[in-house]
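Subject: Structure for you to look at

Dear colleague,

Please find below the structure I promised to pass on, followed by an account of what was found in it.

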Amino acid sequence: MVVYNVKLKNGSEIQIAPLNGSINVKQIANFINSLVEERSFISRDKKITHHEQRSELKVHKKKIEEGLMEYLIALHGKNIIGQAMAERLQHRVRGNAFIRLYIAESYRQLGLGKILMYLVLNGLKRKKVVNAYIEVAEKNIPAIKFYKKLGFKKVALLPNWMEFDGNYINAIGMIMELKNHVEKAYGPYENIL
Ligand SMILES: CC(C)(COP(=O)(O)OP(=O)(O)OC[C@H]1O[C@@H](n2cnc3c(N)ncnc32)[C@H](O)[C@@H]1OP(=O)(O)O)[C@@H](O)C(=O)NCCC(=O)NCCS
């Protein structure tokens with residue numbers, strides 16, 4: 001298993017590794033629930049229970065074994081501070097992968113999202129995936145800026161796609177053609193990417 005040791009922009013030394021046996025259900029649930037509590041623009045709006053998280057993890061591990069999922073976790077000590085998941089679609093749409101990326105609130109804008117995304121996209125490119133796809137709330141301006149910066153292009157408007165406090169809001173679909181993905185970033189993270 002490859003473990004990347006990374007220094008973030010604030011000097012924190014963190015690790016990035018594929019999902020593995022040392023990560024437990026409680027750690028992942030706590031991380032996801034911190035995003036729910038924050039009311040971030042992720043699709044989950046209710047806290048996940050340990051039971052639900054355990055079942056979800058089983059499904060994810062099976063997909064990883066089948067080569068249908070890339071799942072990276074960023075840890076600061078024992079705390080999960082970020083995760084990136086890419087799920088390959090199947091059959092005629094097997095050339096595409098759907099990506100989810102979450103960074104803990106206090107670790108944003110330190111370069112971690114960019115590193116996780118590069119690592120995931122590199123993995124997909126090696127597996128000959130053609131397109132990486134994300135869906136993002138139209139109001140999630142930081143995330144849209146982030147994805148544009150990395151080279152994702154808006155390809156769809158998804159009207160009234162997500163429910164927030166009883167109102168439906170638009171989302172947008174963005175795609176990165178992996179042939180355009182630059183496998184190396186420039187700057188301090190060049191060596192690990
Ligand atoms: C979107 C998200 C993943 C970005 O991760 P991050 O670790 O904060 O991003 P990085 O520090 O790697 O930023 C990379 C680039 O994105 C852009 N960016 C990131 N956050 C930004 C913000 N709040 N405002 C403007 N630009 C931003 C910057 O241009 C930055 O460029 P730089 O490398 O030259 O500084 C993170 O904000 C997040 O997890 N948000 C909550 C969950 C979420 O909304 N996920 C996406 C759901 S679709």
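What percentage of the 193 residues of the chain count as buried? The answer is 25%, and please bear in mind, here and throughout, that this is a predicted model.

The overall build

The chain has four helices and eight strands, and when they are read along the sequence they follow the pattern β-β-α-α-β-β-β-α-β-α-β-β. The radius of gyration of the chain is 16 Å, close to the 16 Å that the globule rule gives for 193 residues, so the chain is as compact as a globular protein of that length. Along its principal axes, the C-alpha trace spans about 40 × 40 × 35 Å. If we consider the contacts between residues at least 6 apart in sequence, 56% of them join residues that are at least 24 apart.

The sheet

Eight strands form an open sheet, with mixed pairing, in the order β1-β2-β3-β4-β5-β6-β8-β7. The strands at its edges are β1 (4–7) and β7 (153–164), each of which pairs on one side only, and the twist from one strand to the next averages 25°. Within this sheet, β2 (residues 13–18) and β3 (residues 69–76) pair in the antiparallel sense over four bridges, and Ile16 stands opposite Ala74 in β3. Helix α3 packs on the sheet, where it touches β1, β2, β3, β4 (79–88), β5, β6 and β8 (167–177), and its direction makes about 155° with that of β3.

Does β7 lie largely in the open, or is it largely buried? Of the 12 residues of β7, the number buried is one, so this strand lies largely in the open. Eight bridges join β7 to β8, and the two strands run antiparallel, with Leu158 standing opposite Ala171 in β8. The hairpin that these two strands make has two residues between the strands, and in it Asp165 takes a positive phi near 50°. Asp165 is exposed, because it has 7 other C-beta atoms within 10 Å, where 12 or fewer count as exposed. Asp165 and Lys145 are 20 residues apart in sequence, and their C-alpha atoms are 24 Å apart in space.

Arg92 has its place in the loop between β4 and β5, and with 7 C-beta neighbours inside 10 Å it counts as exposed. Arg92 and Val130 are 38 residues apart in sequence and, from C-alpha to C-alpha, 12 Å apart in space.

Around the ligand

Which residues come nearest to the ligand? Of the 21 residues around the ligand, they are Ile103, Arg108, Gly113, Lys114 and Pro142. At least two residues of this shell are supplied by each of β5 (96–103), α3 (112–126), β6 (131–137) and α4 (141–150), and α4 gives the most, with five residues. Sorted by class, the shell has 12 nonpolar, five polar and four charged residues.

With best wishes

Conventions. Residues are numbered from 1 along each chain as its sequence is written. This is a predicted model: local features need pLDDT of at least 70, side-chain atom pairs count only at pLDDT 80 or more; totals for chains, interfaces and linings use all residues. A residue is near a molecule or strand if its C-beta atom, placed from the backbone, lies within 6 Å of it. Ala, Val, Leu, Ile, Met, Phe, Trp, Tyr, Cys and Pro count as nonpolar, Asp, Glu, Lys and Arg as charged, and the others, Gly among them, as polar. The radius of gyration is taken over C-alpha atoms; the globule rule is 2.2 Å times the number of residues to the power 0.38. A residue is buried if 20 or more other C-beta atoms lie within 10 Å of its own, exposed if 12 or fewer, and partly exposed in between; C-beta atoms are placed from the backbone. Two residues are in contact if their C-beta atoms, placed from the backbone, lie within 7 Å. Two strands pair if DSSP finds at least two bridges between them. Axes are lines fitted to C-alpha atoms, for helices over the stretch in contact, and angles run from 0 to 180 degrees between N-to-C directions.
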